[in-house]
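Let's take a walk through a protein together.

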Amino acid sequence: MTATTPSDAPDLITLGRRIRHARTSRGLTLDALGKAVDCAPSLLSLIENGRREPRLSLLRTLAEALEVALPDLLADEPPSRRAALEITLERAQRGPLFGALGLPPIRPSQKLPVPVLEQLVGLHAEIARREEEAIATPEEARRANTVLRTERQERDNHMPQIEALAHDMTRRAGYTGGALTHRTVARIAEDLGLTILHVDDLPRSARSVTDWKNGRIYLPPASIPGGHGLRSLALQAIGHRVLGHERPRSYGEFLRQRVEITYFAAACLIPEPTAVEFLSQRKRDKDLAVEDFRDAFGVTHEAAAMRLTNLATVHLGVPLHFLRVGDDGALFRGYANDGIPLPQDVTGAIEGQLVCRWWPAREAFRRRDRATESYQYTDTPAGTFWDSVQTGTAADGRQFSITVGVPYAHAKWFRGRDTQVRHTSTCPDPSCCQRPPSDLTERWQAHSWPSARMHQQVLAALPRGVFPGVDDTDVYRFLERHAPTVPDGRPTA
Ligand SMILES: [Zn+2]
C-alpha cells in the first residue's frame, strides 16, 4: 500500500490518467515522452499511475509537449469512460476494505477489457454497500428496539409458542412447582445433549459461550450481583438452540433473538401453569405483590416484574406497565400496555429518556426505608395510576428502581392499594418538572456547564460477521483452550 492520504490520492490518480490519455491519444510511448520532457520513463509511469506527484515545472513541460493547456491536464473529470473505471478501481484497491481482503491488486492496464473493469468496479461498489449496511447506527438500533416494543405491546407481551416449549421442557426435566433448581436446569441441558461447565476465563465481552460441536455451555463461576442469574444464563444459551436461531444478520434480528431467549429463560424459571395458578389465587385474595411472586419462584425482583407483564394481561385481565429506571432518572427498560405516557424521543424510543420527577420510579430514591416495596398513586394526563416500586443496587454500585403499575381501576387487586401517597404529574408538559424553577434558572443558567454521563443502552454497532459487541477471536481462542483433547494433545475442534 502506498502512503497517499485519501484527500490527495484521487486527484493524483485522475491527473495521471489525464496525462496518460493525452500521451496515448498522440501515439507517444513513455520513452518518447520522457525524451521530450527530459524525464525518466519510470518516473512518468509512476506519475501516470497516480503514485507520484509531479513538480509544477514538469507539469508545464508535459502540457507543452502534449499540446494541451495546463488547466486541461489538471481538470477533475476522468478523460474517458475507461479512465473513469480505472480510477474507481484504483481507488477501491487503495481503500481499507480491499486491504482487509488480503487479495493481490490488479493493475488496470490497457490489456484489461472494459467489461472486466465494469464488473470489478461493480463488485467493489457492492462490497462497500454491504459493509455499510452491516453497521447499525445508534438511531437504527433505537428504531429496531422501538419496533420490537410495539410488537410486544400489541400481543400483551405474551408468546404462547415459547410458553408451551418452556412448559414442555421443564416438565420433562422433572419440574413440579416452586423455584426451578440448578439441577433441573442441568437436566434440561442434558435432554439436548449439553453439559454446563463453569469457568473463570470467559471472554470479557461474552456472558456465556456454547460449543455445539462438543455439547458444552460455558458459564461464569458465580452470579453477577443484581445481574442475570446463572440459571437464566444457561437457559438463554439453550434458548438459542431450541428456538432455532441462526447468526443474526441485522441489529433488529439480534434484538429479536435477545427478546426471545430472555422470554424462554423466564418462562422456564417461572412456568406458565404454576405461575398463573399462584397469581390467580392472589388476585382472588386481593393480595397481588411482585415481591411475593419473586420469592415464590426464587428470581430477581426485575425478573418477577417482567414476567408479570407476560402473564397479567392475558391471564388476569390486568393491563400494566413495567419500568427499570436508573438513579439519574433515565429509563433503562420499559413496557406498557395500559396507556401510561412513557417519555419518548422523536424516533419513539424510550431508552435513556428521563421519566417524570413525580413518578414513583424516581420518588423511591428519596425514601429512607428501601427494604420493601413502596406504593404511590400518580395523577397523570392519561388518568390515575397505582404503582409498586422496589429499589436495588446494580453491579456497578449504582441504584436503580423497578416499577410495576396499573391503572387506578386495577389497583384493588394489589397489596399496597391503601397507600396515602399521591402525586400529580403533568409531563410531557414542560412546566411539570423538566423546567427548573425560574429563580434557580436566573441564578445559574449562564454559569453552569455539566458534563453528561453516557448511557449504556443498546446502541452498539454490528460489525460484519461478528456478534454485536463480542470479539470473535477471543471466543475462538477461548474454545481452543477448553475443548476436550485427543491423545496427541490437539483439540478435537
Ligand atoms: Zn413531570
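This is a predicted model: local features need pLDDT of at least 70, side-chain atom pairs count only at pLDDT 80 or more; totals for chains, interfaces and linings use all residues.

Begin at the zinc ion, whose protein donors are the SG atoms of Cys356, Cys427, Cys432 and Cys433. These donors lie 2.2 to 2.3 Å from the zinc ion. The angles among the four donor atoms run from 95 to 120°, and the site is tetrahedral. For comparison, the ideal angle for four tetrahedral donors is 109.5 degrees.

Now look at where these cysteines sit along the chain. Their spacing in sequence is C-x70-C-x4-C-C. Cysteine 356 belongs to the loop between β5 (331-336) and α17 (360-363), while cysteine 432 belongs to the loop between β9 (422-424) and α18 (438-444). The two are 76 residues apart, so this pair links distant parts of the chain. Cysteine 356 counts as buried because its relative accessibility is 4%, and cysteine 432 is buried too, with a relative accessible area of 16%.

Next, move to the surface. Here Leu101, Leu103 and Ile127 form a nonpolar patch, and together they have about 250 Å² of accessible area. Leucine 103 is found in the loop between α7 (96-99) and α8 (114-133). Its relative accessibility is 51%, so leucine 103 counts as exposed.

Our last stop is helix α3, residues 41-48, where the buried residues are Leu44, Ile47 and Glu48. Viewed down the axis of α3, these buried residues fall within an arc of 95°, which means they line one face of the helix. In general, an α-helix has 3.6 residues a turn, so residues three or four places apart point the same way. After α3 comes glycine 50, which has a positive phi near 75°.

How values were computed: Residues are numbered from 1 along each chain as its sequence is written. Side-chain values use heavy atoms; hydrogens and water are left out. Donors are N, O and S atoms within 2.8 Å of the metal (3.2 Å for Na, K and Ca); water is not among the atoms, so sites may look incomplete. Four donors count as tetrahedral if all angles lie between 85 and 135 degrees; four count as square planar and six as octahedral if opposite donors are over 155 degrees apart and all others between 65 and 115; anything else is irregular. Helices (H or I, at least four residues) and strands (E, at least two) are DSSP runs, numbered from the N terminus. Buried means under 20% relative accessible area, exposed over 50%, partly exposed in between (1.4 Å probe, protein chains only). Patches are made of residues with over 30% relative accessible area and no salt bridge: like charges are joined within 9 Å, nonpolar side chains (Val, Leu, Ile, Met, Phe, Trp, Tyr) within 5 Å. Accessible areas come from the Shrake-Rupley method with a 1.4 Å probe; for residues, only the protein chains shown count as cover. A salt bridge is a side-chain nitrogen of Lys or Arg within 4 Å of a carboxyl oxygen of Asp or Glu. The arc is that of the directions from the helix axis to the C-beta atoms.
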